[in-house]
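Here is a short report for a reader meeting this structure for the first time. Please look through the sequence and the model, then read on.

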Amino acid sequence: MKYGESAFDILYLLFAITSGCIILRRAGNRTEKYMGLAALILGCGDAFHLIPRVMNYFSDADFTAALGIGKLITSISMTVFYFLLYKIWLGCYRMREKHSFTVLLWILVIIRIVLCLLPQNGWLENSADLVWGTIRNIPFVLIGTAVCFLYFQKRREYRVFRYLWLYILLSFLFYIPVAVGAGLLPTLGMLMLPKTICYIFMIAAFLRSL
């Protein structure tokens, strides 16, 4: 199991980071740059968690703090990723930005990041506190729900992104049980695999859109 999961994690990181670099290099407009930046931030952010996780399988060293800090960085990078998805939606569908909606998203992003940075999360101890796992994910779920709905509305207008709303929805359905309940039921961690596959599909859609 550890070999299969480790190989998958490494291949995913290579795919996400490499794709981000490729998209940024080939980007011809701001929207495509957002796509490359989103893929790069996602891959680099996940690396802070996945690399210590892989190393933990093959070493007797204590990676508790590294895994916890990695989760913190991943939590922030995922938040930025979904905000960039909103910016991509604006550019891809040539939508006029609604200032009030953008401000609301910014507020949710800031609240989410502040909640993640609070010491009650116990990142250094790699805590799996149910209460804080729920609290810090409330604004994140609201961001994801809003972005998912936007892509759902426009799913018929751009063939390459027609399933993006579904990938977003499934990624949250797989993520929330892990973020909230993995401390009580560690086997829920297996849901991170299909969640990561959803991210791979999103990045693949970015590549196809070029």
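## A buried lysine and its partner

Lys 154 has a relative accessible area of 16%, so Lys 154 is buried. Buried means under 20% relative accessible area, exposed means over 50%, and partly exposed lies in between, with a 1.4 Å probe and protein chains only. Lys 154 makes a salt bridge with Glu 157, with 3.4 Å between the closest N and O atoms. A salt bridge here is a side-chain nitrogen of Lys or Arg within 4 Å of a carboxyl oxygen of Asp or Glu. Glu 157 has 53% relative accessibility and therefore counts as exposed.

## About the model

The model is predicted: local features need pLDDT of at least 70, side-chain atom pairs count only at pLDDT 80 or more, and totals for chains, interfaces and linings use all residues. Residues are numbered from 1 along each chain as its sequence is written, and side-chain values use heavy atoms, with hydrogens and water left out.

## The overall fold

The protein chain has eight helices and zero strands. Read from the N terminus, its elements run α-α-α-α-α-α-α-α. Helices (H or I, at least four residues) and strands (E, at least two) are DSSP runs, numbered from the N terminus.

The radius of gyration of the protein chain is 17 Å, which agrees with the value near 17 Å for a compact globule of 210 residues. That radius is taken over C-alpha atoms, and the globule rule is 2.2 Å times the number of residues to the power 0.38. Along the principal axes, the C-alpha atoms fill a box of roughly 50 × 35 × 25 Å. Of the 210 residues, 44% count as buried. Take the contacts between residues at least 6 apart in sequence: 72% of them join residues at least 24 apart. Contact means heavy atoms within 4.5 Å.

## Surface and charge

The accessible surface of the protein chain is about 11,000 Å². Carbon and sulfur atoms account for 68% of that surface. Accessible areas come from the Shrake-Rupley method with a 1.4 Å probe; for residues, only the protein chains shown count as cover.

The protein chain carries 20 positive and 10 negative charges, and their mean positions are 16 Å apart. Lys and Arg count as positive and Asp and Glu as negative, while His and the chain ends are not counted. Each charge is placed at NZ of Lys, CZ of Arg, CG of Asp or CD of Glu.

## The other salt bridges

How many salt bridges does the structure hold? There are three. One of them joins Glu 5 and Arg 53, with the closest N and O atoms 2.5 Å apart. This pair links distant parts of the chain: Glu 5 is in helix H1 (residues 2-26), Arg 53 is in helix H2, and 48 residues separate them. Glu 5 is buried at a relative accessible area of 15%. Arg 53 is partly exposed at 29%.

Glu 97 and Lys 87 also meet in a salt bridge through their side chains, at 3.7 Å from N to O. Glu 97 sits in the loop between H3 and H4, Lys 87 sits in helix H3, and the two are 10 residues apart. Glu 97 is partly exposed, with a relative accessible area of 39%. Lys 87 counts as buried because its relative accessibility is 19%. Besides Glu 97, Lys 87 is in contact with Tyr 34, leaving aside neighbours within four places in sequence. Lys 87 and Arg 30 are 57 residues apart in sequence, yet 9.5 Å apart in space, C-alpha to C-alpha.

## A buried arginine without a bridge

Arg 112 lies in helix H4 (residues 99-117). Arg 112 is buried, yet has no salt bridge. Which side chain of opposite charge is nearest to Arg 112? Asp 46 is, at 9.7 Å. Not counting residues up to four places away in sequence, Arg 112 touches several residues, including Arg 136, Asn 137, Phe 140 and Tyr 175.

Tyr 93 lies in the loop between helix H3 (64-92) and H4. Tyr 93 is buried, with a relative accessible area of 10%. Its contacts beyond four places in sequence are Tyr 151, Lys 154, Glu 157, Tyr 158 and Phe 161.

Thr 31 is in helix H2 (residues 30-58). Thr 31 is buried too, at 14% relative accessible area. Leaving out residues up to four places away in sequence, Thr 31 touches Ile 88, Gly 91 and Cys 92.
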